[in-house]
Amino acid sequence: MVKSKEKQRGKVRKQRAKFVVIGAEGKNKTERNYFHDFFKTNKEYKVKFSSSGDTDPEGIVNDTIKYIEKEEINLNDGDVAFCFVDTDTDITKQPQIDNALKLASDNGIE
């Protein structure tokens, strides 16, 4: 968690809001609208989306990892990241999903 810093004259600065990073398929605006509305009333978190053109599970996770590194998001300090994947009903995607789950887990993404 980000610690408050003490200002001069004993006043304490506000803590910054924690980030929720969301990786989703392609440029789908539905997820963006849903999650922005979901967090609109919660001032403790700010929603950020990784920009991804990928639609495969591993690509979504990799784009989210790159975004976290680029934006210096700290998953050990109260920030969180999630990836949402549309799996359809295609059983052949299961190996990709399994690899994406491991990659996400290894990098602190839920």
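Figure 1. Strand β1 covers residues 18-23 and pairs with β3 in the parallel sense over four bridges. Two strands count as paired if DSSP finds at least two bridges between them. Strands are DSSP runs (E, at least two residues) and helices are DSSP runs (H or I, at least four residues), both numbered from the N terminus. This is a predicted model, in which local features need pLDDT of at least 70 and side-chain atom pairs count only at pLDDT 80 or more, while totals for chains, interfaces and linings use all residues. Residues are numbered from 1 along each chain as its sequence is written, and side-chain values use heavy atoms, with hydrogens and water left out.

**Figure 2. Three strands form an open sheet in the order β2-β1-β3, with parallel pairing.** The edge strands, β2 (45-49) and β3, each pair on one side only. Neighbouring strands of the sheet are turned by 20° against each other on average, direction ignored. Axes here are lines fitted to C-alpha atoms, for helices over the stretch in contact, and angles run from 0 to 180 degrees between N-to-C directions. Between β1 and β2 there are five bridges in the parallel sense; V21 has K48 of β2 as its bridge partner.

**Figure 3. Helix α2 (residues 57-70) packs on the sheet.** The helix touches β1, β2 and β3, where contact means heavy atoms within 4.5 Å. The direction of α2 makes about 150° with that of β1.

**Figure 4. Side chains alternate along strand β3 (residues 80-83).** A81 and C83 point to one face and are buried. Buried means under 20% relative accessible area, exposed means over 50%, and partly exposed lies in between (1.4 Å probe, protein chains only).

**Figure 5. F82 and F84 form a tilted aromatic pair.** The ring centres lie 6.5 Å apart and the planes stand at 35°, so the pair counts as tilted. Rings of Phe, Tyr and Trp (its six-membered ring) pair if their centres lie within 6.5 Å; planes under 30 degrees apart count as stacked, over 60 as edge-to-face and the rest as tilted. By this rule the count is one aromatic pair. F82 is partly exposed, with a relative accessible area of 27%, and F84 is partly exposed as well, at 33%.

**Figure 6. E72 has a positive phi in the loop between α2 and β3.** Its phi is about 55°, although E72 is not a glycine. E72 is exposed, with a relative accessible area of 69%.
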